[in-house]
Amino acid sequence: MSKPRAWQKMLSGRRLDLLDPTPVDIEIEDIAHGLSFVARWNGQTLGDFAYSVAEHSLLVERLYSRLNPSAPAKWRLAALLHDAPEYVIGDMISPVKNAVGPGYDDLDKRLAAAIHIRFGLPATIPAEVKKQIKKADKISAWMEATEIAGFTVAEADRFFGKPDPVMMQGLGITLRPPVETRQDYTSQYQYLMAEMN
């Protein structure tokens, strides 16, 4: 009996095996393109455009940089790429991820490791860096929840923690066409890679 197809053809022409991904089949343009079309909050947000995972990732990288002003470019890149596997497996809200169980998490980890290696990061991000990225991720989630996802401040505080207002100063949730988000995501990647080199 033949093995079921587990690869996806990417717009770059690469064939990415979702169950056994290799770094050589990963391109930043595919990630930026995919993430700019993946909606956060299952698309249940205000506005004329979905709030994309690419836009969220840009915000998380900014917040991470504010929380860790002396962080090297490689960890800022890790923050930008923190949800990169979702370019092929989509985004699920946390309660659904928990219900799906370890299968989703295993798939996510395999893809993340291949992505990290492809862009010069360790397969597994150090725990302290990961903790700081998660902190930035929760601040972003709080902002998204209160600005576009219909949560009250009290609800957002309960689910995501009460953020330091200084960290959010001058930042907001941006809703725009996928092509603009894709361009900014790719540009920020190029900027960070240039800093790393």
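Is Glu-27 buried or exposed? Glu-27 is buried, because its relative accessible area is 14%, and buried means under 20%, exposed over 50%, and partly exposed in between (1.4 Å probe, protein chains only). This is a predicted model, in which local features need pLDDT of at least 70, side-chain atom pairs count only at pLDDT 80 or more, and totals for chains, interfaces and linings use all residues. Residues are numbered from 1 along each chain as its sequence is written, and side-chain values use heavy atoms, with hydrogens and water left out.

**Glu-27 and its partners**

- Glu-27 sits in the loop between strand E2 (15-17) and helix H1 (28-37). Helices (H or I, at least four residues) and strands (E, at least two) are DSSP runs, numbered from the N terminus.
- Beyond its neighbours within four places in sequence, Glu-27 contacts Ser-12, Arg-14, Arg-118 and Phe-119. Contact means heavy atoms within 4.5 Å.
- A salt bridge of 3.2 Å, N to O, joins the side chains of Arg-118 and Glu-27. The term stands for a side-chain nitrogen of Lys or Arg within 4 Å of a carboxyl oxygen of Asp or Glu.
- This pair links distant parts of the chain, with Arg-118 in helix H6 and Glu-27 in the loop between E2 and H1, 91 residues apart.
- Arg-118 is partly exposed, because its relative accessible area is 31%.
- A network of salt bridges links Arg-14, Glu-27 and Arg-118.

**Other salt bridges**

- The structure holds nine salt bridges.
- Side chains of opposite charge can pair when their charged atoms come close.
- Glu-61 and Arg-76 meet through their side chains in a salt bridge of 3.0 Å, N to O. Glu-61 lies in helix H2 (residues 53-67) and Arg-76 in helix H3 (residues 73-80), 15 residues apart. Both Glu-61 and Arg-76 are buried.
- Arg-76 also meets Glu-195 in a salt bridge, at 3.5 Å, N to O. Here the partners are 119 residues apart, Arg-76 in helix H3 and Glu-195 in helix H10 (residues 178-196).
- Arg-76 counts as buried because its relative accessible area is 15%. Glu-195 is partly exposed, with 39%.

**The largest pocket**

- The largest pocket has a volume of about 1200 Å³. Of the 35 residues that line it, the closest to its centre are Asp-83, Ser-94, Lys-97, Lys-134 and Asp-137.
- On a 1 Å grid over the protein atoms alone, a pocket is an open set of points with protein on both sides within 12 Å along at least five of seven lines, and lining residues have an atom within 4 Å of a point. A volume is the space filled by probe spheres set on the points.
- Helices H5 (94-100), H6 (102-118), H7 (127-147) and H8 (153-160) each supply at least two lining residues. H6 gives the largest share, seven residues.
- The lining has 17 nonpolar, six polar and 12 charged residues. Ala, Val, Leu, Ile, Met, Phe, Trp, Tyr, Cys and Pro count as nonpolar, Asp, Glu, Lys and Arg as charged, and the others, Gly among them, as polar.

- Trp-41 is in the loop between H1 and H2. Its phi is positive, about 60 degrees, although Trp-41 is not a glycine. Trp-41 counts as buried because its relative accessibility is 14%.
- Asn-42 is also found in the loop between H1 and H2. Phi of Asn-42 is positive too, near 55 degrees. Asn-42 is partly exposed, with a relative accessible area of 47%.

Notes: On a 1 Å grid over the protein atoms alone, a cavity is a set of points where a 1.4 Å probe fits but cannot get out, and a pocket is an open set with protein on both sides within 12 Å along at least five of seven lines; lining residues have an atom within 4 Å of a point.
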